[in-house]
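Here is a short briefing on a protein model. Read it with the structure open beside you.

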Amino acid sequence: MKKPALYFIFTFYFFNVNAQEIEKAIDNKDKTISLINAFVQSTYKGNTITDFNYLDINTKQAGKYTLILKILKYKNFKENLAYFISQKSDTVLFNKQSRKFKDNLATSIIKKAIKNRRKNFKKQQFFKANYYSKQQFYTKNAPKKVLGIDLGDLGGGLDSTRSGKIYLSETFSTIWKKRNQFKEHIKAVKINGLENKTGFNSITNNYYNLYKNTVILGDEIISPIAKLAPLFYKYKLMDSVQNSNNSISYKIKVIPRRKIANVFNGFIYISKKNHQLTKVDLYVKGKQIQQAKIDFIRLKQEFTFNKKQKLWLVVNQESQFKFNQFGVHLNGSIFSHYQDYTFRKENIKKEVNKQLLSFDDNAMNKNNLFWKTNRAIPLTKTEINEYQLKEQIYKQRHTKSYLEKQNIKQNYFEWSDLVFDYNHRNLYKRNRYKISFPLNTMYNTVQGVHSTLGFSYFKDRKHQNYNIKTLVNYGFSDKQLRGSSNFSYRFNDKVNSILSIYIGRKLTEFNDPYSTAPLFNTLSTLFFEENNSKYYDKYFSELNYHQELFNGFFLNAKLSYEKRKSVFNHSYFAFFNWKDVVFTSNNPLQPNNFNNAIIEPHNMFKINIKATFKIGQQYLLYPNRKINLETHYPKLSLQYIKGVSSNEQKYNFDYIETRLFQRFNTGSKGVFTYNFKIGKFTNKKELSFIDYKHFDITQVHVSLVKDYTNHFALLPAYSFSTQNPFAELHIEHQFKGYVLNKIPIINKLQNKLIIGANTLFTTEHKPYSELYLGLNNIGFGKYRFLRVDYVRTFIGNKSTGSFIFGLSL
């Protein structure tokens with residue numbers, strides 16, 4: 001049975017051989033058609049036709065050309081280009097036939113595609129191309145506030161219903177591909193009225209190759225032609241269609257074997273002759289990949305045949321997504337166009353290095369003629385108006401008068417600021433200051449109730465900035481006033497060079513910088529009589545400098561002077577008195593000794609140097625800043641500390657520590673992380689307890705840490721602190737949906753399985769170990785931020801267990 005034919009009526013007006021104007025395109029029901037792909041046969045020249053726009057084919061040489069017109073689901077039409085130029089109108093007929101196929105034919109075709117997958121993948125390991133992308137974001141019924149933060153009108157993109165286009169940008173660049181690595185040089189970028197004129201349209205985050213076993217699209221998604229794809233998909237042959245080079249492709253429907261799994265839905269087109277992909281139209285739902293905030297992600301690709309390489313190459317790509325979080329509904333699309341492919345392997349190898357992104361000096365100031373020449377898709381009238389409107393809004397909102405009005409509006413004082421701090425911004429002068437009021441009050445057994453008054457000032461100088469901060473703290477039980485100030489200056493965003501100066505007096509935990517959050521300590525002390533935080537008093541001054549000396553090598557140098565002394569408990573108040581639970585002293589080594597000091601008063605000079613090397617670090621170089629990317633290679637750090645006491649020579653020491661850290665994807669099976677540390681003290685007689693090696697611990701059964709591979713969950717506070725050699729190892733594997741997605745009913749909860757272990761070796765104690773089994777992505781609907789772990793500890797013949805509650809970040 002034949003389906004209705006589709007007719008296109010074109011009216012051409014002759015201007016020149018390079019650009020023709022199409023008046024309209026209609027079907028047999030008089031309905032206007034848009035988005036027709038048109039290009040010159042055997043080239044990459046062409047674009048997508050939209051209503052009443054120019055078809056720019058960029059034919060720079062006179063001659064005979066064949067124009068191909070394509071639309072999904074219909075056979076192609078091709079004709080001599082000169083014929084179209086000379087004609088005023090013509091009717092083009094696209095026919096489509098309906099056929100029935102045996103189900104096993106689809107599986108046979110897929111097996112051939114899988115067999116040739118690796119060969120076809122290798123052919124695309126090295127290439128150079130010109131790349132155009134257009135990115136758009138829309139929102140509908142946007143809330144006025146999210147988590148108490150005022151969204152405003154999102155740069156003028158919202159109408160009276162708080163809906164509209166909030167982002168539109170274009171990028172034109174040259175790209176080089178070397179295996180799985182891209183280098184991109186952006187020649188031009190255009191954005192609708194944002195101050196960040198560099199945009200976000202990088203090829204690195206927008207390249208999808210289904211010849212790989214998995215594709216990163218919100219998560220690791222298994223390709224329909226992956227090595228083990230038949231275990232995850234069923235296939236159905238729907239039709240055969242004619243390609244632009246008159247060859248035949250099979251249209252195959254891919255059907256997930258399980259409803260909840262990291263797999264695609266949709267259609268792929270496979271060439272009959274060489275079993276390569278010729279078209280892709282796939283989507284994945286957020287529930288499938290356990291991403292509740294995502295409604296769906298869709299990927300569409302169109303290919304053109306390269307005779308020299310005997311390879312179908314992506315020429316057009318569009319990814320679409322729908323996102324919903326905290327009441328913000330966001331629709332987005334990214335269109336990409338590839339042209340002028342070349343495959344000179346040796347030249348590409350030399351070109352691609354650790355720098356993955358660079359810009360032309362005038363990339364953000366290209367004129368309209370440049371864009372008209374290089375755009376793959378002409379702008380619609382709506383998009384033209386969008387650029388013009390946002391440019392006007394941007395200019396208006398960066399005038400001094402407008403910014404001063406905004407200052408008055410934003411800097412309005414509210415009573416809640418007494419608790420949550422008052423922030424004052426000057427948008428025109430690019431500075432801000434913050435005041436923290438004494439109502440921000442906490443509790444510990446040394447100070448009792450203590451309040452802090454804080455003031456900070458920040459000045460943005462575009463590519464440099466500085467910050468001044470002062471804190472004054474008073475304890476109502478120990479009746480001590482303490483205060484500190486610091487000044488930090490960022491010299492350069494490209495090498496991240498920062499100089500910081502600190503001075504003052506403060507109450508400090510022995511295990512600083514692994515201190516317990518004051519709020520958690522306050523709650524555990526007042527409600528559970530657990531005063532786990534232990535303190536000492538110090539006067540201090542410190543000079544700190546940080547810089548990336550060369551790519552991947554970071555140096556942090558710190559010079560400090562401290563005047564230290566012990567402090568004691570002055571308050572034992574709690575809301576509840578628990579049976580068999582009492583407060584402990586401020587002496588971690590003698591918790592029942594409330595009178596003896598843990599350290600003698602002493603002064604200490606310290607030099608602390610830490611070097612970190614990120615192996616294989618890649619980076620993006622923007623005009624004004626450098627962004628370092630995470631690497632799947634190990635990160636190695638080496639730290640040296642020299643301590644010299646001016647009045648207690650027995651406290652002198654040297655300390656060295658080495659750390660090896662790595663996090664890498666294991667494909668669809670999740671993410672594996674390990675963190676290994678070893679350290680040793682030398683040239684010491686008797687170490688001050690302050691300078692012992694203390695370990696990062698949770699202390700309370702609630703954890704807000706992002707990285708679980710840098711701390712122990714149930715290690716008793718200070719029980720393993722050491723002045724002798726030590727080694728610690730943390731490992732964790734997050735399975736994402738690899739395990740739980742396979743279990744019926746359980747997979748509907750969309751939780752993700754985690755397993756891990758922590759081990760500590762010291763010379764004073766038997767080895768201490770923790771094993772834990774956890775779930776993250778816990779919550780309801782689109783709000784899934786919780787994580788729960790059951791932790792089992794082992795030391796000698798003793799074993800205990802407990803639950804730890806945290807956030808899934």
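Strands E38 and E40 pair in the antiparallel sense, with nine bridges between them. E40 covers residues 726-736. The model is predicted, so every feature below belongs to that prediction.

**Strands E37, E38 and E40**

- Find Thr673 and look across to E40: its bridge partner there is Glu732.
- E38 also pairs with E37, and these two strands run antiparallel.
- Twelve bridges join E37 to E38.
- E37 spans residues 653-665, and E38 spans residues 671-682.
- Asn665 stands opposite Val671 in E38.
- E37 and E38 make a hairpin, with five residues between the strands.
- Gly667 sits in that turn and has a positive phi of about 70°.
- In a regular strand, side chains alternate between the two faces of the sheet.

- E24 (residues 422-426) and E25 (residues 431-436) are antiparallel and are joined by five bridges.
- Which residue in E25 is the bridge partner of Asn426? The partner is Asn431.

- Which element gives the most to the lining? Helix H7 does, with five residues.
- The lining has 45 residues in total.
- Asp150, Gln406, Gln410, Arg425 and Leu427 lie nearest the centre of the pocket.
- By type, the lining divides into 17 nonpolar, twelve polar and 16 charged residues.

**A nonpolar surface patch**

- How many Å² does the nonpolar surface patch cover? The area is about 800 Å².
- Its members are Val702, Leu704, Tyr783, Phe785, Leu786, Tyr790, Phe803, Phe805 and Leu807.
- Two strands give two or more residues to the patch: E43 (783-795) and E44 (798-807).
- E43 supplies the largest share, four residues.
- Phe805 is found in E44.

Methods:
Residues numbered from 1 in each chain as written. Predicted model: local features only at pLDDT ≥ 70, side-chain atom pairs only at ≥ 80, totals over all residues. Heavy atoms only, no water. Pairing = 2+ DSSP bridges. 1 Å grid on protein atoms, 1.4 Å probe; cavity = no way out; pocket = protein on both sides within 12 Å on 5 of 7 lines; lining within 4 Å. Nonpolar A, V, L, I, M, F, W, Y, C, P; charged D, E, K, R; others polar. Patch = residues over 30% accessible without salt bridge, like charges linked within 9 Å, V, L, I, M, F, W, Y side chains within 5 Å. Areas by Shrake-Rupley, 256 points an atom, 1.4 Å probe, with all protein chains shown as cover. Salt bridge = Lys/Arg side-chain N within 4 Å of Asp/Glu carboxyl O.
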